[in-house]
Amino acid sequence: MSNFINPRVAQVPPSGIRRFFDIAGTMKDAISLGVGEPDFVTPYHIRSAAIDSILDGETQYTPNRGLLSLRKEIAQYLVDRFQVSYDPEKEMMVTVGASEAIDLALRVCLQPGDEVILPDPGYVSYAPCVTFAGGTPVPVATKAEDEFRITPAEIEAAVTDKTRALIFPYPNNPTGAVMNKQQMQEIAAVAEKYDLLVISDEIYAELTYSDGERIAFSALPGMKSRTVLINGFSKAFAMTGWRLGYACGPAEILYEMNKIHQYAIMCAPRQAQVAGLQALKKNRETGYEDVETMRRSYDRRRRVMLDAFRKMGLNCFEPRGAFYCFPSIKSTGLTSEEFCTRLLREQKVVCVPGDAFGSSGAGHIRCCYATDLQRMLEAFSRMEKFIRTL
């Protein structure tokens, strides 16, 4: 059958995350710290709006770009929370999760052989999506001593005459690293110097734990015209299964992204869009009560997890965004794969090997603290027992 399979697709391995979940699914009493998903149920008022929409018979397609009422609400949200303004009719589209938006942006903007710089470690989909679009991913190692931030000098060192874009994912999955405004401005200067498109994945933008101004990358001077902003509802509103995201950017790029979307997808599901509209409208009225309640809970658990790893003797960079810790397990003498495999087999705790997110993640593991606190504490007890056996 190889004659019928695109070699570009065949060369990309399956996600390094799913295998551990599949094994855990066969185990009784396994505890997962691996899944990158809120443990909150979508708030009731959001679910109720979708149910009412179904009962009212709203089961038709929406416009390809999504309900205009939702796009207008997203536009207001971005102004209120991140100081950036977009035209909801020409500079925005609703997608099936932020993942579709990333894929569309890359497929529209890349030509065969174009290079895309991305931080390593980083979200598992970036490099494969670049490859699927015909481009070449160029991972740039980030380090704990730099708080896992990609630096302007590292970007410049990676630029060639084939470099077309930079993927900028902060707050970062898997490390929890964040960028402040000054650091973002330094990256913006490099993007402008080398005429790079910036694909700014801001799906974790609401989940930051240090004081400071929230700002979108495209809100920086001169950046709106060279940035595709990606965001969605999965993390901030506990809506992972609804698969609702959006992209904002220059009208010309969004026009082309929408062409692929309308042929391949048609539109995001209507009820998910209705739910997203309710999430934004109600939270704007309540001062983003749902978001803040979840964020405070994650922050408490973040500190518990960080303290637990340090007490186990594992060096751990303090994450200031998203909902992951990324401790080093180098002191155990095991590779990331060995550590996670044995921990799962011997103590029934699921973590993800750091190198599933890129080669620079070797010697680390990713653990998610969007997990029930009591189950987390039990997982830490099991991990401590496991480490004592090494």
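Modeller: In this predicted model, an open sheet of 3 strands is arranged in the order 9-12-11, and its pairing is antiparallel. The edges are taken by strand 9 (324–325) and strand 11 (352–353); each has a single partner strand, so one side of each is left without a neighbour in the sheet. Strand 9 and strand 12 (residues 365–368) run antiparallel and are joined by 2 bridges. In one of these pairings, tyrosine 324 has cysteine 368 of strand 12 as its bridge partner.

As for cysteines, a disulfide is a covalent bond between the sulfur atoms of two cysteines. A search of the whole structure finds 0 disulfides. Cysteine 109 takes part in none, and its nearest cysteine sulfur, that of cysteine 129, is 13 Å away. Cysteine 129 is likewise in no disulfide, with the sulfur of cysteine 109 as the nearest, 13 Å away. Because its relative accessibility is 13%, cysteine 109 counts as buried; cysteine 129 is buried too, with a relative accessible area of 12%.

Turning to the helices, helix 4 (residues 68–82) packs with helix 10 (residues 270–286) at an angle of about 35 degrees, and their axes are 9 Å apart. Their crossing is left-handed. Helix 4 contributes residues including Leu70, Ile74 and Tyr77 to the contact, while helix 10 contributes Leu277, Leu280 and Arg284, among others.

How values were computed
Residues numbered from 1 in each chain as written. Predicted model: local features only at pLDDT ≥ 70, side-chain atom pairs only at ≥ 80, totals over all residues. Heavy atoms only, no water. Disulfide = S-S within 2.5 Å. Buried < 20%, exposed > 50% of the residue type's maximum accessible area, 1.4 Å probe, protein only. Axes fitted to C-alpha atoms, helices over the stretch in contact; angles between N-to-C directions. Helix = DSSP H or I, 4+ residues; strand = E, 2+ residues; numbered from the N terminus. Left-handed = near helix turned anticlockwise from the far one by under 90°. Contact = heavy atoms within 4.5 Å. Pairing = 2+ DSSP bridges.
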